[in-house]
Amino acid sequence: MEKNVLFYIILIILVVQYLVHQYLEYLNAKRFKSTLPPELADVFDEDEYQKSQQYKRTNYKFGVISDGFSLVLTICFLVFGGFEWVDHFTRSITEDSIPMALMFFGIIMLGSAILGLPFSYYRTFVIEEEYGFNKTTKSTFLSDKIKGGILTIILGGGILMLFMLFYKSTGPNFWIYAWIAVGIFILFINLFYSRLIVPLFNKQTPLEDGSLKSSIENYAKKVGFELQNIFVIDGSKRSTKANAYFSGFGKEKRITLFDTLINDLSEDEIVAVLAHEVGHYKRKHIIVNLVVSLLTTGLTLFILSLFINHPEISLAIGVSTPSFHAALVGFALLYSPISELTGLIMNYISRKFEFQADDFAKNTFAAPPLVSSLKKLSKKSLSNLTPHPAYVFVHYSHPPLVERIRNLKA
Ligand SMILES: [Zn+2]
């Protein structure tokens, strides 16, 4: 197999990424036993705290093994010419570049999905089960995987096909058309996610009339938030963990509450969580996130267009016959340090937004019920109360609980 200098750069990127991430995990794990800040003393009782420490240690060990396994596998695949082999195989079946690319990605993704299955199974049915989170049945687990796979084939395959058609007809300018297509796709998914995607996996019902609904409506009216759609989703089908989220905009905007949230929180606490979500909308976070993701997509596609034509990028993953699909994989691997960087920036912005949404809830509703709901939710999910600041900086899209509580009480 032919190799070039980019091939070795990819190996270095993979190993360095693994080491950096494992080091952050290690730093975080070292702090599992640290004493709790006084604000958080009442989140867990002693037994539960022990249980949460154990849960984190279990996940830490699992992560070291599963990430290590996937690193070794990826490196072996590269070093022993796996991509070249798959490329040869698809070329023996078709000479047309689009079906070839679809088959190339199909084989690689199917392979990695099959190899990842035991890990996903273990996480759900051993770890989450042991700590009492898991409510997923084996048949739900299986049908989730199948539906997810079909969705990936349709959406991922469709986008890949579009990219290649643009590339064939417009050459290096394809990125502009690809950007427009992805932009429309992102907008479409944002608008219709709850209507089209969620029903494939969950049941959603409008929140029934009653005191909770009227409290929510009273609050929405007070802050001038037009709200017609409040839905309850059967999150309890999979997990005991609770959540609420906001989706869509304009007439399509809706708030979705997990049934687990409704069962675990008081009415005031639910309105406080909702006020936080309304804060995201009112402070234009939804729009900003959308614009930022459109801009980063455009930048990535533009840089892709500069490199996609170079045979070296295909050769970087050991594929000797240059092609769009091989260059796409090579590019994705070489670009991953930059996507990590944009991920860091997005997380940083997201943490700022969380404080702003908390402030909104504090100013338009009240701080104490939000504080108590955050504590309950952290307790329910056995979340880490003492994460390492470096770990937070890289991985957290939400500020740690203690910082949110301090901000709410300030
Ligand atoms: Zn939020």
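Trainee: Which residues does Asn 347 touch, not counting residues up to four places away in sequence?

Mentor: This is a predicted model, and in it Asn 347 touches Val 394, His 395, Tyr 396 and Ser 397. Asn 347 itself is found in helix α12.

Trainee: Is Asn 347 buried or exposed?

Mentor: Buried means under 20% relative accessible area. Asn 347 has a relative accessible area of 15%, so Asn 347 is buried.

Trainee: Which residues of helix α15 are buried?

Mentor: Helix α15 spans residues 401-409, and its buried residues are Leu 401, Val 402, Arg 404, Ile 405, Asn 407 and Leu 408. Their cover includes α9 (267-282), α12 (324-364) and α13 (367-380).

Trainee: Now the surface. Which residues form a nonpolar patch there?

Mentor: Leu 142, Ile 146, Ile 150, Ile 153 and Ile 154 form one, and together they have about 520 Å² of accessible area. Take Ile 150, found in helix α5 (residues 138-170). Its relative accessibility is 45%, so Ile 150 counts as partly exposed.

Trainee: How do I read a pair of aromatic rings?

Mentor: Such a pair is described by the distance of the centres and the angle of the planes. This structure holds 30 aromatic pairs. In one of them, Trp 85 and Phe 89 have ring centres 5.8 Å apart and planes at 5°, so the pair is stacked.

Trainee: Where do Trp 85 and Phe 89 lie?

Mentor: Both are in helix α3 (residues 82-93), four residues apart, which is about one turn of the helix. Trp 85 is exposed, with a relative accessible area of 56%, while Phe 89 is partly exposed at 36%.

For another arrangement, take Trp 175 and Phe 302: their ring centres are 5.1 Å apart and their planes stand at 65°, so this pair is edge-to-face. The pair links distant parts of the chain, with Trp 175 in helix α6 (residues 174-201) and Phe 302 in helix α10 (residues 285-307), 127 residues apart. Trp 175 is buried, with a relative accessible area of 18%, whereas Phe 302 is partly exposed at 34%.

Trainee: Which residues do ring pairs link into a cluster?

Mentor: Phe 62, Phe 69, Phe 119 and Tyr 122.

Trainee: What does UniProt place at residues 206-409?

Mentor: An unreviewed UniProt entry gives the feature "domain: Peptidase M48" there. Residues 26-203 are 82% helix and 0% strand, with end C-alpha atoms 39 Å apart.

Conventions: Residues numbered from 1 in each chain as written. Predicted model: local features only at pLDDT ≥ 70, side-chain atom pairs only at ≥ 80, totals over all residues. Heavy atoms only, no water. Buried < 20%, exposed > 50% of the residue type's maximum accessible area, 1.4 Å probe, protein only. Helix = DSSP H or I, 4+ residues; strand = E, 2+ residues; numbered from the N terminus. Contact = heavy atoms within 4.5 Å. Patch = residues over 30% accessible without salt bridge, like charges linked within 9 Å, V, L, I, M, F, W, Y side chains within 5 Å. Areas by Shrake-Rupley, 256 points an atom, 1.4 Å probe, with all protein chains shown as cover. Salt bridge = Lys/Arg side-chain N within 4 Å of Asp/Glu carboxyl O. UniProt positions renumbered as here; feature names shortened; annotations may be inferred. Phe/Tyr/Trp six-rings, centres within 6.5 Å; stacked < 30°, edge-to-face > 60°.
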